[in-house]
Amino acid sequence: MAGQSGEPPQAQEHGQPERWLLKLYVAGQTPKSVAAFSNLHKICEKHLKGLYQIEVVDLLVNPKLAKGDQIIAVPTLVRQLPAPIKKIIGDLADEERVLVGIDVRLAPSHTETK
Amino acid sequence: MTPKNFLKKTPTGIEGLDEVTNGGLPTGRTTLVCGSAGSGKTVLGMEFLVHGIVEYGEPGVFMAFEETEKDLSQNVASFGYDLEKLQEEGKLAIDYVFIERSEIEETGEYDLEGLFIRLGCAVDAIGAKRVVLDTIEVLFAGLKNQQIIRAELRRLFRWLKDRGLTAILTGERGEGQLTRYGLEEYVADCVILLDHRVTEQLSTRRLRIVKYRGSLHGTDEYPFLMGEDGISVLPITSVGLNHTAPSERISSGVADLDKMVGGKGFFRGSSILVSGTAGTGKTSLALYFLKAACERGERALYFGFEESRDQVVRNMSSIGLNLKPWLDKGILHFHNVRPSSLGLEAHLASMHQIIKRVNPKVVVVDPITNLIAGSDRSGVKSMLTRLVDYLKMKQITAMFTHLSTTGRQLESTDENVSSIMDSWMLLRDVEHEGNRSCALYVLKSRGMAHSHEMRQFLLTDNGIQLGENFADEQETDRARRKKHTARKGASSAKGAR
């Protein structure tokens with residue numbers, strides 16, 4: 001579908017969409033899931049402050065959700081909003097790839113990050 | 001057959017496969033089923049689950065990586081499986097795993113715990129004993145980090161083993177190795193290879209057990225069929241020469257012919273070959289044989305490779321043979337197909353299947369020549385031997401017709417199939433007093449005294465009649481000369497009606 005991961009996201013004057021709903025699927029409190037959450041939190045605070053909402057789904061608690069949202073790997077980050085749905089798997093250590101993956105349009109001042 | 005080993009086995013319920021594997025797949029282990037696209041991997045997997053549910057009371061999980069639940073249901077509906085019903089009953093769980101590389105970004109470490117959770121969730125929900133993963137190799141295409149996938153696959157197989165699940169894993173055939181991504185490295189217990197070959201425009205499916213650790217298994221390539229009832233493997237080694245030989249005699253349906261073979265007809269469970277040139281009445285003779293069976297109240301089965309059912313019925317009515325009542329009663333069964341519709345092996349597999357379903361006492365194959373023509377010749381005799389053995393084992397009396405090609409030695413068959421037959425009758429044209437007529441003689445009939453006469457074979461409005469001992473001085477055939485000179489003209493008096 002859309003969202004070629006290779007292309008750099010285009011900066012627009014109007015900035016980010018108003019609301020970001022991000023779901024992080026994990027399986028218990030593993031080092032990977034803890035790392036993924038803190039990485040995600042950091043990135044969102046930096047680029048989407050005030051616009052985002054993170055929902056953590058623990059598949060050990062709600063195993064049935066794995067099927068419904070087509071989760072195979074954990075941690076998986078799903079961008080629920082804005083549409084379309086996008087997925088990133090892994091501990092989200094690479095900020096740049098995460099931004100590309102969930103298609104965050106960088107403000108000019110942030111382009112040199114990392 | 002009782003396996004001499006201690007390995008516990010889980011029957012697949014697939015016809016023939018359990019015989020070939022000596023009891024089924026290894027219980028609590030993973031079996032790899034590999035084959036090229038369209039070789040029947042998915043169907044085999046699904047049959048394993050459906051039979052498990054229906055016949056052995058073992059619920060199963062199907063994890064599909066390639067087809068959606070809906071597609072799967074539709075695809076196997078043609079085999080008569082109602083997956084939706086089984087799902088509603090809580091005996092089958094299907095989980096469609098969708099992986100699209102372009103939609104997934106990877107960054108950093110991850111594992112496939114999500115897959116384990118889904119599988120575990122489905123297994124626990126229905127108490128599954130059987131699992132099919134079709135085709136897990138999709139992971140390799142969908143995810144970039146091969147190291148993680150391989151490590152996770154190892155963990156998956158351990159996980160399946162720890163839970164005591166009997167699993168089938170399907171894999172696409174690869175170049176130079178069994179599967180494209182080397183799945184055979186992980187599954188060391190049992191590997192089954194499916195093959196779909198096309199020779200002379202005819203396709204034949206074959207199955208081979210490449211490996212079965214700790215178990216006896218057949219090592220041949222077995223033809224298998226994907227027919228209306230699903231997969232059926234034709235096990236070749238399961239029959240041999242240890243069938244019983246009943247001494248009961250059954251009528252050929254033609255009283256005069258019975259007299260020629262000791263007055264009582266043929267042995268039950270024997271195989272009879274009727275060969276002859278075109279238009280000599282082979283089919284008519286075969287159908288009288290079937291009619292006699294119907295009159296005794298025995299189920300009869302006719303495999304026709306030349307004419308349609310209606311055509312046979314119509315033509316037979318012209319010689320006073322009304323087959324319709326027997327067909328209507330369900331005693332007589334017709335199975336008419338073109339020989340070119342399947343390869344020889346597939347035909348034989350399908351014949352096995354039909355014989356099993358109809359459960360006849362008497363079978364006619366009309367003619368075997370067409371089957372032979374449609375295949376490469378090397379395996380023909382062995383395949384026919386298997387069919388004959390199978391029929392003997394079931395004590396089914398069988399009549400095969402064989403079309404002799406003109407210009408060839410009449411007393412020979414294309415593939416020397418006569419040696420596997422117990423009785424052999426020959427029908428041939430003879431010129432007699434300016435007319436072409438037909439003669440019948442018995443070339444051999446094992447275990448009974450038989451006539452050496454050559455009798456005139458007459459198709460009349462009232463059925464088949466045999467004339468007096470036939471003679472024709474113009475006949476120069478060497479085989480004829482061996483016979484004593486017959487009384488001239490005697491046959492015409494009686495035969496011409």
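Here are legends for several close-up views of a predicted two-chain model.

Residues are numbered from 1 along each chain as its sequence is written, with chains lettered from A and ligands numbered from 1 in the order in which they are written. Since this is a predicted model, local features need pLDDT of at least 70 and side-chain atom pairs count only at pLDDT 80 or more, while totals for chains, interfaces and linings use all residues.

**View 1. Chain A, from end to end.** Chain A has 3 helices and 4 strands, and along the sequence they follow the pattern β-α-β-α-β-β-α. Helices (H or I, at least four residues) and strands (E, at least two) are DSSP runs, numbered from the N terminus. Of its 114 residues, 37% count as buried; buried is 20 or more other C-beta atoms within 10 Å of the residue's own, exposed is 12 or fewer, and partly exposed is in between, with C-beta atoms placed from the backbone. Among contacts in chain A between residues at least 6 apart in sequence, 68% join residues at least 24 apart. A contact here is a pair of residues whose C-beta atoms, placed from the backbone, lie within 7 Å.

**View 2. Confidence along chain A.** The average pLDDT (the predictor's confidence in each residue, from 0 to 100) is 79 for chain A, and 77% of the residues score at least 70. Residues 1-14 of chain A stay under 50, and the model has 18 contacts for them beyond four places in sequence. Over residues 110-114 of chain A the pLDDT is also below 50, with 5 contacts in the model beyond near neighbours in sequence. Where pLDDT is low, the predicted coordinates should not be read in detail.

View 3. An open sheet of 5 strands runs in the order β2(A)-β1(A)-β3(A)-β4(A)-β6(B), with mixed pairing. Strands pair if DSSP finds at least two bridges between them. At the edges stand β2 (52-58) of chain A and β6 of chain B; each has a single partner strand, so one side of each is left without a neighbour in the sheet. From one strand to the next, the twist averages 25°. Helix α1 (residues 31-47) of chain A lies across β1 (20-26), β2 and β3 of chain A, at about 165° to β1(A). For such angles, axes are lines fitted to C-alpha atoms (for helices, over the stretch in contact), and values run from 0 to 180 degrees between N-to-C directions.

**View 4. Where chain A meets chain B.** The contact takes 29 residues from chain A and 20 residues from chain B. On the chain A side, α2 (65-68), β4 (86-89) and α3 (95-101) each supply at least two residues, and the largest share, 4 residues, comes from α3(A). By class, that side of chain A has 17 nonpolar, 5 polar and 7 charged residues; Ala, Val, Leu, Ile, Met, Phe, Trp, Tyr, Cys and Pro count as nonpolar, Asp, Glu, Lys and Arg as charged, and the others, Gly among them, as polar. Across the boundary, β4(A) pairs with strand β6 (residues 104-106) of chain B in the parallel sense over 3 bridges. One to pick out is A:K87, whose bridge partner in β6(B) is B:I104.

**View 5. Helix α2 of chain B.** The 16 residues of α2(B) (residues 41-56) should span 22 Å at 1.5 Å a residue, and the end C-alpha atoms are 21 Å apart, which agrees. That expected span is 1.5 Å times one less than the number of residues. The helix is mostly covered, with 13 of its 16 residues buried. Just after α2(B), B:G57 takes a positive phi of about 60°.

View 6. Most residues other than glycine have a negative phi, and most peptide bonds are trans. A cis bond joins A:V74 and A:P75, with omega about -5°; A:P75 sits in the loop between α2 and β3 (76-81) of chain A. The bond from B:D134 to B:T135 is cis too, with omega near -20°, and B:T135 is in the loop between β7 (130-134) and α6 (138-142) of chain B. A:L92, not a glycine, has a positive phi of about 60°. A:L92 lies in the loop between β4 and α3 of chain A and counts as buried because it has 29 C-beta neighbours inside 10 Å.

Technical notes
Contact = placed C-beta atoms within 7 Å.
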